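Please read this briefing alongside the sequence and the model. It goes through the structure topic by topic.

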Amino acid sequence: MTAIPTTPMPDGSTIPVFGMGTWHMGEGRSRFDAEVAALRRGLDLGISLVDTAEMYGSGGAEQVVGEAIAGRRDATYLVSKVLPSNASRQRTISACEASLQRLRTDRLDLYLLHWRGGTPLEETVRAFEDLKAAGKILRWGVSNFDLDDMQELAAISPDCAVNQVLYNLTRRGLEYDLMPWQQQHSIPLMAYSPIEQGMLADHDALAEIARAHDATPAQVALAWVMDKPGTMAIPKTSNPDRMAENLAALNLRLTDADRATLDAAFPPPRRRQPLEMI
Ligand SMILES: NC(=O)c1ccc[n+]([C@@H]2O[C@H](COP(=O)([O-])OP(=O)(O)OC[C@H]3O[C@@H](n4cnc5c(N)ncnc54)[C@H](OP(=O)(O)O)[C@@H]3O)[C@@H](O)[C@H]2O)c1
């Protein structure tokens, strides 16, 4: 089993820097068993963090996760998300209870607001605090929040544990302002779509670096994300072999020359850019 490094959160607890995504899982009965098997392979390899959401497969992904973690809840770090349309005080609580039922567990390690909608942030935060007090979630955070949203949230509560955002070599805008702000506040940045939905696995610039390390382009993409302090990666794969391949990115050490090559192919931002989302 690979020991996965962790990064600290504002409450003093830690979170693994590598986890498993589940978007597009649970969308069809025919793939259910294979998706469960892929996640179980990940757990066997020592990957505890599973990222899911009520949105994925309209609850289907949470059912896949529930099956995969059955009997091994204590070895799992469970993350799920509430839709903005459910983010009122009462609906957040009901949505969380429905997620717990599909996941067949009594608690989430982390519950995120999937993206910002029309509900005032104070109201969703109050619902999160109610869920925390009831032991149904251990901590809460947000997703797709840009710097101004994070600053507004910080004025309401100091307890946001993470911000999950789109971040990979082709989506570097947040390095200009959001990433340094989160680092300064010790709020981990959970990078979603770290392989740009699989597209970086075919990129020539990554292939060249991968060859030099006897690695794969996907591993280079993941190692690059996790190279940054306080930054985590949650790639999704339904392929058990790729689960091991992606995890092994933790063993890949990029050199300064590699970083310079990647900066030339994917230039860092020179000015503020609005946060991208998929
Ligand atoms: N908060 C949000 O708004 C938000 C938005 C998007 C995603 N997410 C979360 O982040 C997770 C990851 O993002 P993502 O699923 O969009 O994209 P991703 O992890 O960048 O890429 C997933 C795609 O890449 C393929 N893949 C995985 N490993 C590979 C490898 N080693 N070589 C080649 N191809 C590989 C997968 O196919 P196979 O399955 O066939 O391997 C899948 O098609 C999601 O699953 C979800 O949990 C959150």
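H24 is partly exposed because its relative accessibility is 37%, where buried means under 20% relative accessible area, exposed over 50%, and partly exposed in between (1.4 Å probe, protein chains only). This is a predicted model, in which local features need pLDDT of at least 70 and side-chain atom pairs count only at pLDDT 80 or more, while totals for chains, interfaces and linings use all residues. Residues are numbered from 1 along each chain as its sequence is written, and side-chain values use heavy atoms, with hydrogens and water left out.

- H24 sits in the loop between β3 (19-20) and α1; helices (H or I, at least four residues) and strands (E, at least two) are DSSP runs, numbered from the N terminus.
- Most residues other than glycine have a negative phi.
- H24 is not a glycine, yet its phi is positive at about 75°.
- S58, in the loop between β4 and α2, also is not a glycine and has a positive phi of about 45°.
- S58 counts as exposed because its relative accessibility is 71%.
- G71 follows α2 and has a positive phi, near 85°.

- E35 belongs to helix α1.
- With a relative accessible area of 2%, E35 is buried.
- Leaving out residues up to four places away in sequence, E35 touches H24, M25, G26, V64 and S238, where contact means heavy atoms within 4.5 Å.

**Helix α2**

- Helix α2 is largely enclosed by the rest of the structure, because 8 of its 10 residues are buried.
- The buried residues of α2 are G60, A61, E62, V64, V65, G66, A68 and I69.
- Their cover includes α1, β4 (49-51), β5 and α3 (89-103).

**Nonpolar cores**

- The largest nonpolar core has 77 residues, among which Y111, L206 and L262 touch the most other members; such a core is a set of buried Ala, Val, Leu, Ile, Met, Phe, Trp, Tyr and Cys residues joined through side-chain atoms within 4.5 Å.
- Helix α8 gives the most to this core, namely 8 residues.
- A second, separate core has 14 residues, including M9, L49, Y77 and A161.
- Beyond its neighbours within four places in sequence, L262 is in contact with L169, R172, L206, I209, V220, W224 and L254.

**Salt bridges**

- Side chains of opposite charge can pair when their charged atoms come close.
- The whole structure holds 23 salt bridges, each defined as a side-chain nitrogen of Lys or Arg within 4 Å of a carboxyl oxygen of Asp or Glu.
- R72 and D44 form a salt bridge through their side chains, at 2.7 Å from N to O.
- This pair links distant parts of the chain, 28 residues apart, with R72 in the loop between α2 (60-69) and β5 (77-82) and D44 in helix α1 (residues 32-44).
- R72 is partly exposed at 25% relative accessibility, and D44 is partly exposed at 47%.
- E276 and R171 also meet in a salt bridge, at 2.8 Å from N to O.
- E276 is in the segment after α10 (256-265) and R171 is in the loop between β8 (160-166) and α6 (178-184), so this pair ties together parts 105 residues apart in sequence.
- E276 is partly exposed, with a relative accessible area of 33%, whereas R171 is buried, with 17%.
- D227 pairs with R259 in a salt bridge whose closest N and O atoms are 2.6 Å apart.
- D227 lies in the loop between α8 (217-226) and β10 (231-233) and R259 in helix α10, so the pair joins parts 32 residues apart in sequence.
- D227 is partly exposed at 32% relative accessibility, and R259 is partly exposed with a relative accessible area of 28%.
- A network of salt bridges links R40, E67 and R104.

**Ligand**

- There are 28 residues around the ligand, and D51, I195, K236, T237 and R242 come nearest; a residue is near a molecule or strand if one of its heavy atoms lies within 4 Å of it.
- A polar backbone atom of I195 is 2.8 Å from an oxygen atom of the ligand.
- For Q197, a backbone N or O atom lies 3.0 Å from an oxygen atom of the ligand.
- A polar backbone atom of G198 is 3.3 Å from an oxygen atom of the ligand.
- On its own the ligand has 900 Å² of accessible area, of which the protein covers 87%; accessible areas come from the Shrake-Rupley method with a 1.4 Å probe, and for residues only the protein chains shown count as cover.

Note on methods. A polar contact is a pair of N or O atoms within 3.5 Å; within protein, one must be able to donate a hydrogen and the other to accept it, and residues adjacent in sequence count only if both atoms are side-chain atoms.
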